Amino acid sequence: LFGKKTTINSQGLMAQTGTLGSIFGAGLTGGTLGLSNYADVTTKKKAFGITYSSNSSTQTTAASAETADQFSKIILGFVDSIKLAGNGLGVSTDNILNSLEGFNLDLGKIDLKGLTGTEIQAKLEAVFGALGDKMAQAAFGGLVDFQKVGEGYFETLVRVSSAVEESGLILKKLGVASIGYTDVLNKQGD
(Lines give C-alpha, C1' and ligand atoms only; values in the text may rest on other atoms or scores of the structure.)
Protein backbone atom coordinates (compact mmCIF):
# COMPACT_ATOMS: atom_id res chain seq x y z
CA LEU A 1 0.00 0.00 0.00
CA PHE A 2 2.81 2.38 0.85
CA GLY A 3 6.10 2.51 -0.94
CA LYS A 4 9.26 4.47 -1.48
CA LYS A 5 11.42 4.32 -4.60
CA THR A 6 14.87 5.87 -4.91
CA THR A 7 16.40 6.30 -8.37
CA ILE A 8 19.95 7.40 -9.20
CA ASN A 9 19.60 9.62 -12.28
CA SER A 10 23.30 10.38 -12.76
CA GLN A 11 26.52 9.88 -10.87
CA GLY A 12 30.15 10.71 -11.34
CA LEU A 13 32.55 13.51 -10.46
CA MET A 14 32.27 17.25 -10.02
CA ALA A 15 34.81 19.92 -9.13
CA GLN A 16 34.70 23.19 -7.26
CA THR A 17 34.01 26.18 -9.51
CA GLY A 18 35.94 29.43 -9.47
CA THR A 19 38.93 31.04 -11.08
CA LEU A 20 42.12 29.05 -11.49
CA GLY A 21 43.89 31.57 -9.27
CA SER A 22 41.40 31.16 -6.43
CA ILE A 23 41.32 27.36 -6.66
CA PHE A 24 45.03 26.66 -7.01
CA GLY A 25 46.41 29.62 -5.11
CA ALA A 26 48.75 32.40 -6.11
CA GLY A 27 51.05 31.45 -8.95
CA LEU A 28 48.99 28.37 -9.86
CA THR A 29 51.50 26.23 -8.00
CA GLY A 30 49.14 23.91 -6.21
CA GLY A 31 46.12 23.77 -4.00
CA THR A 32 42.90 21.89 -3.82
CA LEU A 33 40.49 21.35 -6.68
CA GLY A 34 37.61 20.40 -4.37
CA LEU A 35 36.77 17.25 -6.36
CA SER A 36 33.70 15.30 -5.24
CA ASN A 37 31.82 12.16 -6.13
CA TYR A 38 28.17 13.01 -6.73
CA ALA A 39 24.86 11.27 -7.32
CA ASP A 40 21.66 12.97 -8.48
CA VAL A 41 18.91 11.07 -6.69
CA THR A 42 15.13 11.18 -6.97
CA THR A 43 13.01 9.72 -4.17
CA LYS A 44 9.31 9.09 -4.77
CA LYS A 45 6.83 8.16 -2.06
CA LYS A 46 3.57 6.42 -2.94
CA ALA A 47 0.39 5.57 -1.14
CA PHE A 48 -2.17 3.26 -2.71
CA GLY A 49 -0.24 3.43 -6.00
CA ILE A 50 -0.36 7.25 -6.19
CA THR A 51 2.82 9.32 -5.94
CA TYR A 52 2.34 11.94 -3.24
CA SER A 53 5.94 13.12 -2.88
CA SER A 54 8.89 13.44 -5.22
CA ASN A 55 12.20 14.93 -4.09
CA SER A 56 15.39 15.36 -6.09
CA SER A 57 18.76 16.03 -4.53
CA THR A 58 22.45 15.86 -5.21
CA GLN A 59 24.45 13.84 -2.72
CA THR A 60 28.21 14.32 -2.56
CA THR A 61 31.22 12.78 -0.90
CA ALA A 62 34.85 13.77 -1.22
CA ALA A 63 36.63 12.06 -4.09
CA SER A 64 39.70 10.03 -3.28
CA ALA A 65 42.93 11.96 -2.80
CA GLU A 66 44.47 10.09 -5.74
CA THR A 67 41.66 11.08 -8.14
CA ALA A 68 41.71 14.72 -6.99
CA ASP A 69 45.50 14.77 -7.37
CA GLN A 70 45.30 13.41 -10.94
CA PHE A 71 42.67 16.01 -11.94
CA SER A 72 44.81 18.79 -10.44
CA LYS A 73 47.91 17.53 -12.25
CA ILE A 74 46.08 17.50 -15.58
CA ILE A 75 44.89 21.09 -15.13
CA LEU A 76 48.28 22.32 -13.94
CA GLY A 77 49.84 20.41 -16.86
CA PHE A 78 47.73 22.51 -19.22
CA VAL A 79 49.00 25.64 -17.45
CA ASP A 80 52.61 24.49 -17.91
CA SER A 81 52.06 23.62 -21.58
CA ILE A 82 50.42 26.97 -22.27
CA LYS A 83 53.33 28.74 -20.56
CA LEU A 84 55.80 26.86 -22.76
CA ALA A 85 53.80 27.62 -25.90
CA GLY A 86 53.67 31.28 -24.86
CA ASN A 87 57.41 31.38 -24.39
CA GLY A 88 57.76 30.05 -27.95
CA LEU A 89 55.60 32.98 -29.08
CA GLY A 90 57.69 35.48 -27.13
CA VAL A 91 55.09 36.15 -24.41
CA SER A 92 56.28 36.43 -20.82
CA THR A 93 55.27 33.82 -18.28
CA ASP A 94 53.86 36.57 -16.03
CA ASN A 95 51.46 37.73 -18.77
CA ILE A 96 50.33 34.17 -19.39
CA LEU A 97 49.77 33.49 -15.69
CA ASN A 98 47.83 36.75 -15.31
CA SER A 99 45.51 35.63 -18.11
CA LEU A 100 45.06 32.16 -16.66
CA GLU A 101 44.58 33.14 -13.02
CA GLY A 102 41.27 34.78 -13.96
CA PHE A 103 40.12 31.82 -16.08
CA ASN A 104 36.82 30.45 -14.76
CA LEU A 105 37.19 26.74 -14.09
CA ASP A 106 33.83 24.99 -14.26
CA LEU A 107 33.99 21.30 -15.12
CA GLY A 108 30.37 20.83 -14.12
CA LYS A 109 29.10 17.37 -13.35
CA ILE A 110 30.87 14.62 -15.24
CA ASP A 111 28.22 11.89 -15.51
CA LEU A 112 29.88 8.46 -15.54
CA LYS A 113 26.81 6.35 -14.71
CA GLY A 114 26.77 3.02 -16.53
CA LEU A 115 29.94 3.67 -18.54
CA THR A 116 32.63 1.06 -19.13
CA GLY A 117 36.27 1.80 -18.39
CA THR A 118 36.94 2.67 -22.04
CA GLU A 119 33.88 4.94 -22.16
CA ILE A 120 34.94 6.68 -18.94
CA GLN A 121 38.38 7.32 -20.42
CA ALA A 122 36.84 8.75 -23.61
CA LYS A 123 34.48 10.98 -21.61
CA LEU A 124 37.30 12.34 -19.43
CA GLU A 125 39.48 12.95 -22.50
CA ALA A 126 36.63 14.95 -24.05
CA VAL A 127 36.07 16.97 -20.86
CA PHE A 128 39.75 17.78 -20.44
CA GLY A 129 40.25 18.38 -24.16
CA ALA A 130 37.50 21.03 -24.07
CA LEU A 131 39.00 22.51 -20.91
CA GLY A 132 42.46 22.73 -22.49
CA ASP A 133 40.98 24.46 -25.53
CA LYS A 134 39.18 27.03 -23.35
CA MET A 135 42.31 27.68 -21.27
CA ALA A 136 44.47 28.14 -24.38
CA GLN A 137 41.93 30.54 -25.86
CA ALA A 138 41.76 32.52 -22.61
CA ALA A 139 45.54 32.95 -22.65
CA PHE A 140 45.95 33.44 -26.43
CA GLY A 141 42.94 34.66 -28.33
CA GLY A 142 43.12 35.30 -32.04
CA LEU A 143 44.48 31.99 -33.33
CA VAL A 144 41.17 30.72 -34.74
CA ASP A 145 42.30 31.50 -38.30
CA PHE A 146 45.23 29.12 -37.81
CA GLN A 147 43.09 26.14 -36.76
CA LYS A 148 43.01 23.13 -39.01
CA VAL A 149 39.81 21.16 -39.52
CA GLY A 150 39.16 18.98 -36.46
CA GLU A 151 41.98 20.56 -34.47
CA GLY A 152 41.31 21.85 -30.97
CA TYR A 153 42.41 25.33 -29.94
CA PHE A 154 45.04 23.95 -27.54
CA GLU A 155 46.56 21.89 -30.37
CA THR A 156 46.55 24.97 -32.60
CA LEU A 157 48.39 26.99 -29.96
CA VAL A 158 51.07 24.31 -29.57
CA ARG A 159 51.47 23.88 -33.33
CA VAL A 160 51.69 27.63 -34.04
CA SER A 161 54.09 28.15 -31.14
CA SER A 162 56.36 25.36 -32.41
CA ALA A 163 56.30 26.79 -35.94
CA VAL A 164 57.10 30.30 -34.71
CA GLU A 165 59.91 28.98 -32.52
CA GLU A 166 61.41 26.97 -35.41
CA SER A 167 61.11 29.96 -37.73
CA GLY A 168 62.79 32.14 -35.10
CA LEU A 169 65.75 29.77 -34.89
CA ILE A 170 66.16 29.74 -38.66
CA LEU A 171 65.81 33.52 -38.88
CA LYS A 172 68.36 33.93 -36.08
CA LYS A 173 70.87 31.81 -38.03
CA LEU A 174 70.27 34.06 -41.02
CA GLY A 175 70.74 37.19 -38.90
CA VAL A 176 67.12 38.32 -39.25
CA ALA A 177 64.93 39.42 -36.34
CA SER A 178 62.54 36.72 -35.12
CA ILE A 179 58.77 37.00 -34.83
CA GLY A 180 56.44 36.72 -31.85
CA TYR A 181 52.75 36.36 -30.95
CA THR A 182 51.75 39.89 -32.00
CA ASP A 183 53.59 39.44 -35.31
CA VAL A 184 51.67 36.21 -35.89
CA LEU A 185 48.35 37.94 -35.24
CA ASN A 186 49.29 40.85 -37.51
CA LYS A 187 50.25 38.50 -40.37
CA GLN A 188 47.04 36.40 -40.37
CA GLY A 189 45.94 37.54 -43.82
CA ASP A 190 49.39 37.15 -45.41
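Colleague: What should I keep in mind about the numbering and the model before we start?

Modeller: Residues are numbered from 1 along each chain as its sequence is written. This is a predicted model, where local features need pLDDT of at least 70, side-chain atom pairs count only at pLDDT 80 or more, and totals for chains, interfaces and linings use all residues, while side-chain values use heavy atoms, with hydrogens and water left out.

Colleague: Which helices and strands does the protein chain have, and in what order?

Modeller: The protein chain has six helices and six strands. From the N terminus on, they run β-β-α-β-β-α-α-β-β-α-α-α. Helices (H or I, at least four residues) and strands (E, at least two) are DSSP runs, numbered from the N terminus.

Colleague: What makes β3 and β4 a pair?

Modeller: Two strands pair if DSSP finds at least two bridges between them. Strand β3 (residues 36-47) and β4 are joined by 12 bridges in the antiparallel sense, so they meet that definition. Lys-45, for instance, has Ser-53 in β4 as its bridge partner, and Ala-47 stands opposite Ile-50 in β4. The hairpin of these strands has two residues between them, and Phe-48 there takes a positive phi near 55 degrees.

Colleague: How do you know that β1 pairs with β6?

Modeller: Three antiparallel bridges link strand β1 (residues 2-14) to β6, and the definition asks for at least two, so the pair counts. Gly-12 stands opposite Asp-111 in β6. β1 also runs antiparallel to β3, with 12 bridges; there, Gly-3 has Lys-46 in β3 as its bridge partner.

Colleague: Why are β4 and β6 called edge strands?

Modeller: The open sheet has four strands in the order β4-β3-β1-β6, with antiparallel pairing. β4 (50-62) and β6 (109-111) each pair on one side only. From one strand to the next, the twist averages 35 degrees; axes here are lines fitted to C-alpha atoms, for helices over the stretch in contact, and angles run from 0 to 180 degrees between N-to-C directions.

Colleague: Why is Ser-10 called buried?

Modeller: Buried means under 20% relative accessible area, exposed over 50%, and partly exposed in between (1.4 Å probe, protein chains only). Ser-10 has 10% relative accessibility, so it counts as buried. This residue is found in strand β1. Across the protein chain, 35% of the 190 residues count as buried.

Colleague: What makes the pairing of Ser-10 and Tyr-38 side chains a polar contact?

Modeller: A polar contact is a pair of N or O atoms within 3.5 Å; within protein, one must be able to donate a hydrogen and the other to accept it, and residues adjacent in sequence count only if both atoms are side-chain atoms. The contact between the side chains of Ser-10 and Tyr-38 is listed at 3.5 Å.

Colleague: And what about Glu-151: buried or exposed?

Modeller: Glu-151 has a relative accessible area of 15%, so it is buried. Glu-151 is found in the loop between α4 and α5, and its side chain makes a polar contact with that of Arg-159 at 2.9 Å.

Colleague: How do you know which face of α5 is buried?

Modeller: The buried residues of α5 include Tyr-153, Phe-154, Leu-157, Val-160 and Val-164. Its buried residues fall within an arc of 150 degrees seen down the axis, so they line one face of the helix. The arc is that of the directions from the helix axis to the C-beta atoms. On the other side of α5, Glu-166, Leu-169, Ile-170 and Lys-173 are exposed.

Colleague: Where are the buried residues of α3?

Modeller: Ile-96, Leu-97 and Leu-100 are the buried residues of α3. Their arc is only 95 degrees around the axis, so they lie on the same side of α3. The face turned away from that buried side of α3 carries the exposed residues Asp-94 and Asn-98.

Colleague: What makes something a nonpolar core, and which residues touch the most other members of the largest one?

Modeller: A nonpolar core is a set of buried Ala, Val, Leu, Ile, Met, Phe, Trp, Tyr and Cys residues joined through side-chain atoms within 4.5 Å. The largest has 39 residues, of which Leu-20, Ile-82, Met-135 and Phe-140 touch the most other members. α2 gives the most to this core, with eight residues.
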